[in-house]
Amino acid sequence: MRLTLDNLGSFCNSDGDCLLWDGATTGHGYPSASIFGATTSNVRRWVASLNGMAIEGKRVVCICQQNRCLNFDHFRAMTSKEAVRWMAANGLLSTTTVAMARAKAARARKGTKLDMPRARAIRQRRSEGASLLTLASEFGVSQDTCWKVVNGLSWRESVTAASAFTFRP
Ligand SMILES: [Zn+2]
């Protein structure tokens, strides 16, 4: 029998409101099937796109957290970033993965040079009474750098004001 969206249910078992794929799975336990001549295909993506979900450049995450589930109602299209955020929020990332991501982010912060939004934030915090020492540790730069920012010797508004208009999110 050829797999179609209509007979999908006969390839699955119901588990609560989940539709669990009864066929072959990938090494990671995701439904895998021969679709349109392709030897293996990501069945979840296939179901998602046939249901009209916009998945181009996105990952299809099943919010019931069952790898074999093919209930379209449980599908959410997410960017990789959103998917990682979602997994972290749901405790699906291993502690090692989380620790590594945190360390990487910390390293990136340390190496980050200032930019205008951060310079403005420093001036804002300084005007609220934060000490140079506090600011230096908060923004991961030297006290000298903070002093220059606060006193208009670097990252002055007039010089780089144009950047506000070329900023692309
Ligand atoms: Zn499900």
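Phe139 lies in helix 5. The model is predicted, and the exercises below concern this part of it.

**Exercise 1.** Determine whether Phe139 is buried, partly exposed or exposed, and list its contacts beyond four places in sequence.

*Solution.* Start with the count: Phe139 has 19 C-beta neighbours inside 10 Å. A buried residue needs 20 or more, and an exposed one has 12 or fewer. Phe139 therefore counts as partly exposed. Next, set aside the neighbours within four places in sequence; Phe139 is then in contact with Arg118 and Ile122. Finally, take the C-alpha distance to Ile122: Phe139 and Ile122 are 7.9 Å apart in space and 17 residues apart in sequence.

**Exercise 2.** Describe how helix 5 and helix 6 are arranged, and classify the residues where they meet.

*Solution.* Two packed helices are described by the distance between their axes and the angle between them. Here the axes of helix 5 and helix 6 come within 8 Å and cross at roughly 105 degrees. Angles of 65 to 115 degrees count as roughly perpendicular, so helix 5 is roughly perpendicular to helix 6. Now list the residues: helix 5 contributes Leu132, Leu133, Leu135 and Ala136, which meet Gln143, Cys146 and Trp147 of helix 6. By class, this contact has 6 nonpolar residues, 1 polar residue and no charged ones.

**Exercise 3.** Find the buried residues of helix 6, and state how they are placed around its axis and what they pack against.

*Solution.* The buried residues in helix 6 are Thr145, Cys146 and Val149. Viewed down the axis of helix 6, they fall within an arc of 100 degrees, so they line one face of the helix. These buried residues pack against helix 4 (116-127) and helix 5 (132-139).

Methods:
Residues numbered from 1 in each chain as written. Predicted model: local features only at pLDDT ≥ 70, side-chain atom pairs only at ≥ 80, totals over all residues. Helix = DSSP H or I, 4+ residues; strand = E, 2+ residues; numbered from the N terminus. Arc of directions from axis to C-beta. Contact = placed C-beta atoms within 7 Å. Axes fitted to C-alpha atoms, helices over the stretch in contact; angles between N-to-C directions. Parallel < 35°, antiparallel > 145°, perpendicular 65-115°, else oblique. Nonpolar A, V, L, I, M, F, W, Y, C, P; charged D, E, K, R; others polar.
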